[in-house]
Amino acid sequence: MVGGGQLARMTHQAAIALGQSLRVLAVSPDDPAAMVSPDVVLGEPDDAAALAKFLDGCDVVTFDHENVPAEPLASLAGAVGETGVPLRPGPAALVHAQDKLVMRERLSGLGVPGPPFRAVTSAAEVTAFAAEHGWPVVLKARRGGYDGRGIWLLDDPIHAAPILAETLAAGTPLLVEQRVVMRRELAALVARSPFGQGAAWPVVQTVQDNGICVEVIAPAPGLPAARAEAAQRLALRIADELDVVGLLAVELFEVAEPGAGVGGSGVAGGLLVNELAMRPHNSGHWTIEGSRTSQFEQHLRAVLDYPLGETTPTAPVTVMANVLGGDPVPEMGLDERLHHLFARFPDAKAHLYGKGERPGRKIGHVTVLGAEVAETRRRASLAAEWMSRAVWRDGWEVH
């Protein structure tokens, strides 16, 4: 697996049960996966010596992030081509998760619903787009943005001017999109094998705060069955059209306009595609406890060309809440916080990533299973906030 972050760390855990060993190409021995995997190669994807060592003896190469620059990815593809080691997903698929403009153009050509968009190289082009589609608009870096980075919400020309000046001066390739009026954000997670077998989990609701996912609710509450099925079919279709092998997360906007997007016919509202990710995804962490097959095991099954696993939920409701570094970082240590969490909620499942704490950084997640949405969300939110801040907002006493 290229990349040594928390996704590789949790994929390593899934590999153990399958009798597999996960080799990790990591930048630092302090990367989350490098701290737990016995087979770590240190280096960047464009480091020829590290790459040769990494590939020697591998059965298949996959990724825990998309941010592999084009030249290193071409080098990696060339190297695996010489050795006969499959690269899954391949570069022709992965580019759609790396470059937002390439994704938009390809999906538009396939008739997949999304917001109006345009490549821009000047402030005048942004203003012209906004004149056609209305303010506010969303400015995006074509490559590299995540967790709210590389995305700017522009309210009007005055607000837009300094942001455009800075990004254009930096030479950042950009596109602009219409800002969507939406009810909520959803995600459809699917897997696809090399020969086209597909599997889909229930569509989930994702809750964002300042561009960072803070909560995932599975299945998405109140989502009509027809729209949920439409989202799953759309994600499977995209995986097939782009020849994705492994996991594909399709981030969606549920919009209120009748007839808009996918699933608009016969039900109020519809769906628009926001972004794609071709790897295990934050919206799928709930599957570790909440599904018969976790996204990490499924990704391995797919890239190793095993038959895919059952995706049936293990509970009526599963809520995953991200643990973000507190501001300020609590004096109470993380291990002591974990002790108190389990004392109050012994059924909660905590996953800590081995990262140093700093404000707003994803350092872990907590998963709670339940029978109904409100109570399950309450417990998961309390648990994650406690792990972040060492404070029970409902006043519960730890002693």
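**Entry 1: helix H7.** First a reminder to myself that this is a predicted model. I checked the length of H7, which runs over residues 157–169. At 1.5 Å a residue, its 13 residues should span 18 Å, and I found the end C-alpha atoms 17 Å apart, so the two agree. I also noted a bend of about 25 degrees at Ile-163.

Which residues of H7 are buried? I got Ala-160, Ile-163, Leu-164 and Thr-167. Next I looked at what covers the buried residues of H7, and the cover includes helix H6 (123–133) along with strands E4 (137–141), E5 (151–154) and E6 (174–178).

Then I went to the two ends. At the start of H7, a side-chain oxygen of Asp-156 comes to within 3.1 Å of the backbone nitrogen of Ile-158. Just after the helix, Gly-171 has a positive phi of about 75 degrees.

**Entry 2: Lys-140 and Glu-177.** I counted salt bridges next and have 23 down for the structure. One of them pairs Lys-140 with Glu-177, with 3.2 Å between the closest N and O atoms. Lys-140 sits in strand E4 and Glu-177 in strand E6, so this pair ties together parts 37 residues apart in sequence. Both strands were already in my notes as cover for H7. Are the two partners buried or exposed? Lys-140 is buried at 4% relative accessible area, and Glu-177 is buried at 3%.

**Entry 3: the end of H12.** Ser-388 is in helix H12, residues 373–389. I have it as buried, because its relative accessible area of 8% is under the 20% cut-off. A polar atom of its side chain lies 2.7 Å from the backbone oxygen of Leu-324. Beyond its sequence neighbours, Ser-388 touches residues including Val-323, Gly-326, Pro-330 and Arg-337.

Glu-385 is buried at 19%, whereas Arg-389 is partly exposed at 41% and Arg-393 is partly exposed at 47%.

Technical notes. Residues numbered from 1 in each chain as written. Predicted model: local features only at pLDDT ≥ 70, side-chain atom pairs only at ≥ 80, totals over all residues. Heavy atoms only, no water. Helix = DSSP H or I, 4+ residues; strand = E, 2+ residues; numbered from the N terminus. Expected span 1.5 Å × (residues − 1). Bend = angle between axes of the 7 residues up to and from the residue. Buried < 20%, exposed > 50% of the residue type's maximum accessible area, 1.4 Å probe, protein only. Contact = heavy atoms within 4.5 Å. Polar contact = N/O pair within 3.5 Å; in protein donor to acceptor, adjacent residues only side chain to side chain. Salt bridge = Lys/Arg side-chain N within 4 Å of Asp/Glu carboxyl O. Lists of a residue's contacts leave out its neighbours within four places in sequence.
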